[in-house]
Amino acid sequence: MKIKLLFTAILLSSFQLFFAQAVKNETKKDTTKLATKTTVTTIKDTVIVSKAVETGVVAAAIQNNANEKALKEEAKLLKDKLKAEKKALREANKIEKEQKDFEKKQKAFDKRQDKILSSEKSISTIKSKISNEERNLIKLKEKFEQKKSKGKLSSIEIEKENIRISKQQIKINKLEGNLDEAKEKLTKMRE
């Protein structure tokens, strides 16, 4: 971006230098005629326009008018070129801005997709944890029922097993709460 701005500044200053003009007015008094000499200097060439104020010289006045018209046309062409260059520069800046906006939107979209994927992944891991914990709960209950049916458990051991089963159920309930939160977060991201 800095390089583009630097290049544009150099380009504009070189155009200004290229089309610069210096005007000098010289007036000479002669006994026979009064002449005004105007010199227009550019980098490429030097044009000398002479204005003769004499009663018998009409051709010189016509030539001066032609030269003035040519200079005006050249100045008009230069202005048109400058306008076209400014317009092209504005268009280039507009296109560059649109490109940056597009890239910014693309990055935001990619970031959002990454968040959605990570959220889906966390949901799947929570589901797998819930299924593992439910299997463990079923095994605990089966062991407890086997020991209870054999009659080998005292009342204290029965209470300990009930506490262990309750803790397992609490763990499963927490995981299900986490799963619900993750699903809500995912639906918000997708909207």
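In this predicted model, helix α3, which spans residues 155-190, supplies the largest share of a negative surface patch, namely 4 residues. The patch is formed by Glu134, Glu176, Asp180, Glu181 and Glu184. Among them, Glu181 lies in helix α3 and counts as exposed because its relative accessibility is 54%, above the 50% cut-off for that class.

Of the 191 residues in the chain, 15% are buried, and carbon and sulfur atoms account for 57% of an accessible surface of about 16,000 Å².

Side chains of opposite charge can pair when their charged atoms come close, and a search of the whole structure finds 4 salt bridges. In one of them, Arg190 pairs with Glu120, with the closest N and O atoms 2.0 Å apart; since Arg190 lies in helix α3 and Glu120 in helix α2, the pair ties together parts that are 70 residues apart in sequence. Arg190 is partly exposed at 48% relative accessible area, and Glu120 is likewise partly exposed, at 29%.

Other pairs sit within a single helix. Glu161 and Arg164, both in helix α3 and 3 residues apart, are separated by about one turn, and their closest N and O atoms lie 3.2 Å apart in a salt bridge. Glu161 counts as buried at 9% relative accessibility, whereas Arg164 is partly exposed at 44%. Salt bridges that share partners also join Lys4, Glu96 and Lys100 into one network, in which the closest N and O atoms of Lys100 and Glu96 are 3.9 Å apart.

Technical notes:
Residues are numbered from 1 along each chain as its sequence is written. This is a predicted model: local features need pLDDT of at least 70, side-chain atom pairs count only at pLDDT 80 or more; totals for chains, interfaces and linings use all residues. Side-chain values use heavy atoms; hydrogens and water are left out. Patches are made of residues with over 30% relative accessible area and no salt bridge: like charges are joined within 9 Å, nonpolar side chains (Val, Leu, Ile, Met, Phe, Trp, Tyr) within 5 Å. Accessible areas come from the Shrake-Rupley method with a 1.4 Å probe; for residues, only the protein chains shown count as cover. A salt bridge is a side-chain nitrogen of Lys or Arg within 4 Å of a carboxyl oxygen of Asp or Glu. Lys and Arg count as positive and Asp and Glu as negative; His and the chain ends are not counted. The place of a charge is taken as NZ of Lys, CZ of Arg, CG of Asp or CD of Glu. Helices (H or I, at least four residues) and strands (E, at least two) are DSSP runs, numbered from the N terminus. Buried means under 20% relative accessible area, exposed over 50%, partly exposed in between (1.4 Å probe, protein chains only).
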